[in-house]
Amino acid sequence: MVARGALMQALPAGGAMVAVEASEDEVRPLLTERVSVAAVNGPAAVVVSGVEAEVLRIQGHFEGVGRRVTRLRVSHAFHSPLMDPMLDGFRAVVAGLSFGEPVIPIVSTLTGLPVGVGELGDPEYWVRHVREPVRFADAVEVLEGKGVTTYVELGPDAVLTPMGQQCVEDAVFVPVLRRDRGEEAELVAALALAHCRGVAVDWAAFFAGRGAGLVDLPTYAFQRRWFWRDPETAGSAPVAENAVDTAVWNALERADSATLAARIGVPAPALDEVLPALKGWRRQQREEARTDSWCYRVDWHPVALPGGERTAPDGTWLVAVPEGRTEDPRVRAVCDGLASQGVRTVRLEVGDQERAQLAAQLRACPAPAGVLSLLAVDGRPHPRHGSLSRGTAATVTLVQALEDAAFNAPLWCVTVQAAAVGAVGESADPAQAAVWGLGASLALDLPERWGGLIDLPADLDDEDVARLCRVLAAPGDEDQLALRGGRVLGRRIVRTSLGEQPAVRAWIPRGTTLITGGTGGLGAHVARLLATRGAEHLLLTSRRGPDGEGVADLVAELAGLGTRATVVACDIGDREAVRRLLAGIPDDRPLTAVVHAAGVMQRIAPLSDLTLAEFAAVAHAKAGGARHLDELVGDRPLDAFVLFSSGAAAWGSTGQAAYGSANACLDALARARRARGATATSIAWGPWQGGMVDAELGAALARIGTPPMDPGLAITALGRVLDRDPTHLVVADLDWARFIPVYTMARPRPLVDSVPEARAAREAGPTGGGHGRDSGADFAERLKELAEPQQGRAVLDLVRTHVAALLGYDDPAALDPARPFTDLGFDSVAAVSLVQALSAQTGQRLSATLVFDHATPTALAAHLHGELCPHGAAVGAAGALAVLAELDRLEATLAALPPEDIERHRLPGRLQALTARFTAGGTRPSPDGQLAEDASADDVLAFIDKELGLA
């Protein structure tokens, strides 16, 4: 570079360079032997260079046709024939250099093409580089063809950035420095922009030595709230009680041993012996505290039902009974007991009817006050879908047919001994428990039509049926109940701590451990855990077996940990395949443990959108596989029989009725095995990062308060669970402050009332949410009592409140209701939740595609107004609602302004003057002068100025 500059500066001064707004094809006919193209910077950006008089002639030509031309301030006419005298000298300099092959791919601005092997090592290349044009535009075009969309400019100023933007349309150019601007600020801004464009930035290197630390950020990109961490002021906050301990541990973890030893006055070798152990112990304590916060158990608490003299429900009830099972003692006891309590009933037998056939039968029945289903007690395998019981399949069909027949009466499902309520050794029925998992999700999907679940004791008597009638007459908010020992018990999730439970063993797997789904995301993590614990032999199954992606690497990794792994393709839902699998286990490494992690996710959809075959397919591997393993293992003594269940069976999950049902079978199976003296542990997991939860779903889950768990910490929790050997545990990272507003949006959820954080979140939430079974009718009636403008406002407030809650807004007024749902950040999960909440709040049967049919909250509110008040909704209601919404936002913005700003801008006077324009005798603005639906607060103020003639 030095030689090149010196040779150029040694040339005689003179010549000129001019940038021309023209293409290369337009310029070339005007060139001479002493003028050439020096650079092609864009489709219409060319630089000509050479003898001054001839360059100025070309400049005059393009000025004459109205093109922009700029003479460049240069000492010499570079890249022109005037450079020829220095080329031989430069060639000699370059010939004395040695070159290496580039490591990073390069596109040459000399040729406009990717650099070939050895091309940059040819001295003639660099000689041509001095003389020939710089083909920047051609190089950018080649990069665009290779999919490049982000370009970083390294240089003292943003010179190439504006030129590059003329060459390609859908790309971003990031200059690292700009003239006359602070270098640090420009560098950080460039890195941030590149990072947001998907460019990998080594942030660890960037922050090294700066004392920076990680802070939690919002998990959702559409919260529309500022999130800047305020600088910490020394002495501004009281020192926490454990601040000294924290400082000590930070010193132990971060300082090197020599520095720390000198600081505390001990010999460095002595500290070296204990420091690693201390650091490891501290890390373990943190992990255990974190995973302890994820642990819950299902409990049953006595509940007091609403008082009163009612001992039986009013009206006529439809009782669905299993076809051909009317003489089943449990069915007969309930039906006879209802009659003895004076309950009027219509009995309907449900078997293998198709959905449409059953819906037709329902339409022929008088509209009932309620529906009581006894279908779950039929535990026989379904003839076509063996992973389901006849009772579960019939319940699915009944729920769908009731919706098809437009029955709005609450549906209560009765089971008998489906739940182990608490007595030591009490069993549970997995076939009936499937209906409990189904019901947990239906309570979310159909909050306005779901009654609840009631589990009766196996030794059912007249008093139990009498209590059943009292529950149906006045259940209050309870929707998951069991009758035992003369008491009514409510299902509850309560906190528990693994740290408070002593380990009963330090389990080291021996012989063969079977892991179903063992090569998938969760199963592979389990395999690694057991290998680190010294497992002798792991038998891993999956659908594809050894042909699965990454299987060979997993087997090699396990071998490196000292564990032999065998991978077998096996459909765990196929009983015969499972029998062959177990029969193939070698005698010298007998089966001693089972971890059942296999399963498939259900597509997110309401039950009405699923066929019975789809529902059964979800249960095939999860519930069917667990049943096969239990039956075929038989009484063989095992060290562990671990079932991977899901939180969908514990608290329900929107659009996951089939998945919740299948996992509830696993929880009940663990109880049943324990009751007969066999080992079993069912873990109802929250979502894990990776595996079935991709980044998009993970973001949606985090937004509603169920963020995916870090697999490393989840595996730590699993290891602790295995050593304590419980029957059932819920392990989930629940953000109660986010979870409760969404979970309880449509109706109360007593299930979580015993979790302190859940109660605090509920008490801190907005009041007047309309909870209760009659809230939809109440809202509709209140709406009819309002004048038409107030109706529109009330409906808009309803929609905006629910949308804001789903998106995490602190204040519904901050939500712009004229923005499309897609721009606000709605996804399919949020759309389903909104439809459910509005259905429960309005008492209307709303379409599942409501959010997609009405693009904005304003349009949706106008539609709901028309549905709820068909004779009152005015034409143009959406426009009026948009203005009302903007006035609400303006009011909130003004309320947040300091008094001095309000006074300085004369805002009260401006608003009063505008109000006068719309009162009696005033002149209304023309339609063309009205506010747009997407007007912002600034637009409203500008509108005020325009109307008052101040603009």
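In this predicted model, His79 sits in the loop that runs between strand 4 (69-71) and helix 4. The phi angle of His79 is near 55°, a positive value in a residue other than glycine. Ala406 belongs to the loop between helix 15 (390-404) and strand 11 (411-416). With a relative accessible area of 44%, Ala406 is partly exposed, since that class lies between 20% and 50%.

Stepping back to the whole protein chain, there are 37 helices and 21 strands. The chain has 951 residues, and buried residues make up 48% of them. Contacts between residues at least 6 apart in sequence were also examined, and 72% of these join residues at least 24 apart.

Leu607 is found in the loop between strand 18 (591-596) and helix 21 (612-633). Its relative accessibility is 3%, so Leu607 counts as buried. What does Leu607 touch, leaving aside its neighbours within four places in sequence? The residues in contact with Leu607 are Val396, Val399, Gln400, Leu438, Leu442, Phe615 and Ala657. The C-alpha atoms of Leu607 and Leu446 are separated by 9.5 Å, while the two residues stand 161 residues apart along the chain.

Helices meet one another as well. Helix 4 (residues 87-95) and helix 5 (residues 123-131) have axes that come within 9 Å and cross at roughly 145°. The crossing of helix 4 past helix 5 is right-handed. On the side of helix 4, the contact is made by Leu87, Phe90, Arg91, Val94 and Ala95, and on the side of helix 5 by Pro123, Glu124, Trp126, Val127, Val130 and Arg131. Sorted by class, this contact has 8 nonpolar and 3 charged residues, with no polar ones.

The aromatic side chains complete the picture. A pair of aromatic rings is described by the distance of the centres and the angle of the planes. The count for this model comes to 13 aromatic pairs. In one of them, Phe206 and Phe207 have ring centres 4.9 Å apart and planes at 85°, so the pair is edge-to-face; the cut-off for that label is an angle over 60 degrees. Phe206 is buried, with a relative accessible area of 16%, whereas Phe207, at 39%, counts as partly exposed.

How are the rings of Trp736 and Phe739 arranged? Their centres lie 5.6 Å apart and their planes stand at 85°, so this pair is edge-to-face. Trp736 is buried, with a relative accessible area of 5%, and Phe739 counts as buried at 6% relative accessibility. Trp736 and Phe739 also belong to a cluster, in which ring pairs link them with Tyr296, Trp651 and Tyr743.

Technical notes
Residues numbered from 1 in each chain as written. Predicted model: local features only at pLDDT ≥ 70, side-chain atom pairs only at ≥ 80, totals over all residues. Heavy atoms only, no water. Helix = DSSP H or I, 4+ residues; strand = E, 2+ residues; numbered from the N terminus. Buried < 20%, exposed > 50% of the residue type's maximum accessible area, 1.4 Å probe, protein only. Contact = heavy atoms within 4.5 Å. Axes fitted to C-alpha atoms, helices over the stretch in contact; angles between N-to-C directions. Left-handed = near helix turned anticlockwise from the far one by under 90°. Nonpolar A, V, L, I, M, F, W, Y, C, P; charged D, E, K, R; others polar. Phe/Tyr/Trp six-rings, centres within 6.5 Å; stacked < 30°, edge-to-face > 60°.
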